[in-house]
Every structure is written in C-alpha cells, then in structure tokens.
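Reader: Please show me the model, and then let us go through the terms used for it.

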Amino acid sequence: MSILKRIQGENGSPPEPAGNGEGKLTTGPLTTGPLTTGPLQARRVNAPASQTPDAFHGLKTRVQTKLLSTLDPGMDISQAAEMRKTIQELFEQILAEENIVLTRVEKARLFEQITAEILGFGPLQPLLEDDTITEIMVNGHRNIYIERQGKIHRVPHSFESDEHLMRIIERIVAPLGRRVDESSPYVDARLPDGSRVNAVIPPISLVGPVLTIRKFAQNPITVDQLIQFGTITPEAVQFLDACVKARINIIISGGTGSGKTTLLNVLSGFIPMDERIITIENAAELQLRQEHVVTLESRPENIEGKGEITIRQLVINALRMRPDRIVIGEVRDDAALDMLQAMNTGHDGSMTTLHSNSPRDTLARLETMVLMAGMDLPSRAVREQISSAVDLLIHQERMRDGTRKVVNITEVTGMEGDVITLTDLFVFEQTGFDNGRIVGRLRPTGLTPHFMDRLHAAGIQLPPSIFGMGVGRR
C-alpha cells in the first residue's frame, strides 16, 4: 500500500493535491487563510507550545497534511530509515517555506509526532520503543496506562479522539487480515515484533476503544535473565533443560501476565536444533531460534461468517506434518483433547501453556476443556488420558511486588483410584520482605521424578544435589 493511500484512510479524507503531480513541493500558503492567528501568533514570540495545545495540534495537522501531499505515493514504507530521512527533509523545507518559527524543543516534538503518525502507531510509538515498559493499556482516547517493573502508572500521552485511536487499531489488525467493527467488536492481533494486542470497541466497551498491548522484548528474554530476575533458579533450569531434551511433556500454567509465554519461549530454546518443530498459536508470539520451525496461526471467521481456522483444526493438521515437537501457545478450549491425543501417540516433548491458579487446578481445567470437545467420556477415562499424557507441570505466579516467579515444578505421577496424583519437585518458599520486595527461593523438595529413567535413557545424568543435597532417589 502506498504511503499516500495509507494516510488517506487514516485521516478520513484525502490530503491536498500536490499540484504538479510529481511529488514536488507546491508554492503558496498551506491554507487559504493565515497559518497562525490569535494565540499561536503570540506563541511564536514568547509562549511555549505547551501553553497552547489546541494551536499546536492545529499546526501539527496542517504541516502533516502538507507533508503528505508532497511525499511520493510510490515510496516503500517498509524502508523506515529512508522514509524518516525523506520526511525530515520535507519537514524542514515546509517550515522554511511557510516561515514557521519554532524552538528546538517544539520542532523536535512536532517532527516526532508527525513521523509517528506516518510510520508508527501515533502516541503509542514512544511507549513501544521504551524497553522498560512491559504492557500498554489504552482506556478510551484520553487515558493511557503502562506497566513498568510490575507496577501500573498513568502516562501523559493521549489520542486526539476515539476516531484517531480507531485508526491506529485498524492499522494494527489490517495487515493480519483481521477486522474489528460493530459486528466483531473485539480482536486479538500482534505487532510486527510479536507483541500481543487485544482491542475492544463500542458497543461492548462503554469507555470508547480499549487497546491492550503485551510487549515482547526486541531480544527475547534469555534463561540467564530469568535467573537474574529471580524467576527461577539455576538448579531448576538444569532440570528443565534435561526434561526438554528427554522429550518430557510439559504444561506451563499460571494467571494472566505471570510470564507463561516467556518461559515457554525459553524452554523451547532447549529443543535440539535437528528436530522439526511446529508451533500453533492464536497470534504468533513465540520466537524460536531453531532453523527447522513451522509457525501456524489460527484465523477468525470473515465478515460472511466463514473461513474460521481453529487451534483444534491446526493441531489435527499438525499431526500430518511429520512433527518432532508440537508447541501450542495456549490451550483454552476443545483443542485440549487433540493435544492429549498427540502427546499419547508418539509426539513426546510437546509443550503448551494454560491459565490456572495452581497445579491441581491445571488438571481440573484441562479435564473441563477435554469435555468441551463434546465427547461422552467418563471422568475417569479423561483423567487417565491426562495422567498418561502429561509428565510435568510448571506453575508461575505474578507476586504482590510485581515480580514473576516459578512457584511449583510438579510431576504427574499417575492415578490412585479416580484421582490424578501429583508430586512437587520444586516449591517456592517465601522467607520475608525487603523494601517491598518478596524474598524467597525455589527450593527442591528432596524428591526425584519417576521419569528419571527416561533422562538416563537420553544420556542425561543429573547430580542428586539438584533435588536437594544428600538426597538420593526415592
């Protein structure tokens, strides 16, 4: 799509014609009237732009419109660095032609805002570029909140109107072939860097369009960083590395924002480079570094109510693609049945995430989702499938101080009667507080897993100290 057409759709009306049709600057005033009147004229002499936001907004709109009319419609917008240089040259030329006098701070602010509108995501762009921000929450066009270091803060950014916010939302979802309108008022999407996006618009939102962005780091978080953050211990990492290499089936559970996908991404990095991996997600977020990776993404129905591709359909299809590993971003519905079938039919080493409050709750939710498939199965049969398929549960929590920690690494050991039996291998022990921060450590329970023979068969030998100093196999 050309830059000109892209912005025409965002502004709701076409920009002023360029005049000669060759992408050259036209002469003459930007509008039929004077560029600045009243408060803005006074601002040129002695008042900063911050004291006249309406005038500054008017100036931004006019310069932006003139800039758009002079840009070459055939320019490649994917070349951001080249586009930014071109925009800056035209920006300086327009200010000189129109005799617009701005301070250095005002000039930089105006240029960055205009560039963000053309190449980025408007007021969100500086927040997306701030690596210290982990989440962005937009509640209507006036209120923008961020999460930094686990705490939520309001920021002094805002959109011009709900229509302006809607244009940004549409810019995010359109390249993915998704839509958001009154007939489909919520949507899941992603940014080019993999950051997760959810948008909800009226009529189901009563505060205007609501946008939530879960940011992904430009460079994926490494296992060393997780250890540094206190999310997990080196001993637990060594154990999980062995489990992945020995093709143990793993479910990562936890609440919203507890770091499940981040940990799944880290664990996926332990998969050997010579294996074929198929990832299945609602919105592609995983950033695997292996060479042989096939990424599948579900698709919502189109405006005619057709064309939907579900996670369950992708799981079934993945079984025909000769996978060594199947990694599902999140299981949340009847796809759980096919995931368990895959784990039980030779696709060992599969991994997924699931929302729950505890390891025991993870199994209860998994059972419920299997029953959602509509199969008339007795509870015992479902639980036997679960106990046979799932080997290890890793449970994460976001603590009260905003930190994310692995709090349980639990083995699924089998069945006793109608109950699935669990054994904690590592448990987080909180020892106190230090300046508002939770102090504690993920400690081994002194028990070794029943699947140790599978680790040995894979040629992996773990020292007993990983499971507790001086504690041998039970």
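**Cavities and a helix contact**

Author: The second largest cavity has a volume of about 30 Å³, a volume being the space filled by probe spheres set on grid points joined across faces, edges and corners. This is a predicted model, where local features need pLDDT of at least 70, side-chain atom pairs count only at pLDDT 80 or more, and totals for chains, interfaces and linings use all residues. Residues are numbered from 1 along each chain as its sequence is written, and side-chain values use heavy atoms, without hydrogens and water.

Reader: What makes a set of points a cavity, and which residues line the second largest cavity?

Author: On a 1 Å grid over the protein atoms alone, a 1.4 Å probe fits at the points of a cavity but cannot get out, and lining residues have an atom within 4 Å of a point. Those lining the second largest cavity are Val 223, Leu 226, Ile 232, Val 237, Leu 240, Leu 263, Val 266, Leu 267 and Phe 270.

Reader: How do you know how many of these lining residues are nonpolar, polar or charged?

Author: Ala, Val, Leu, Ile, Met, Phe, Trp, Tyr, Cys and Pro count as nonpolar, Asp, Glu, Lys and Arg as charged, and the others, Gly among them, as polar. The lining therefore has 9 nonpolar, no polar and no charged residues.

Reader: Which element gives the largest share of that lining?

Author: Helix 10 does, with 3 residues; helices are DSSP runs (H or I, at least four residues), numbered from the N terminus.

Reader: What is the volume of the largest cavity, and what is its lining by class?

Author: The largest cavity has a volume of about 40 Å³, and its lining has 6 nonpolar, 2 polar and no charged residues.

Key: On a 1 Å grid over the protein atoms alone, a cavity is a set of points where a 1.4 Å probe fits but cannot get out, and a pocket is an open set with protein on both sides within 12 Å along at least five of seven lines; lining residues have an atom within 4 Å of a point. Helices (H or I, at least four residues) and strands (E, at least two) are DSSP runs, numbered from the N terminus.
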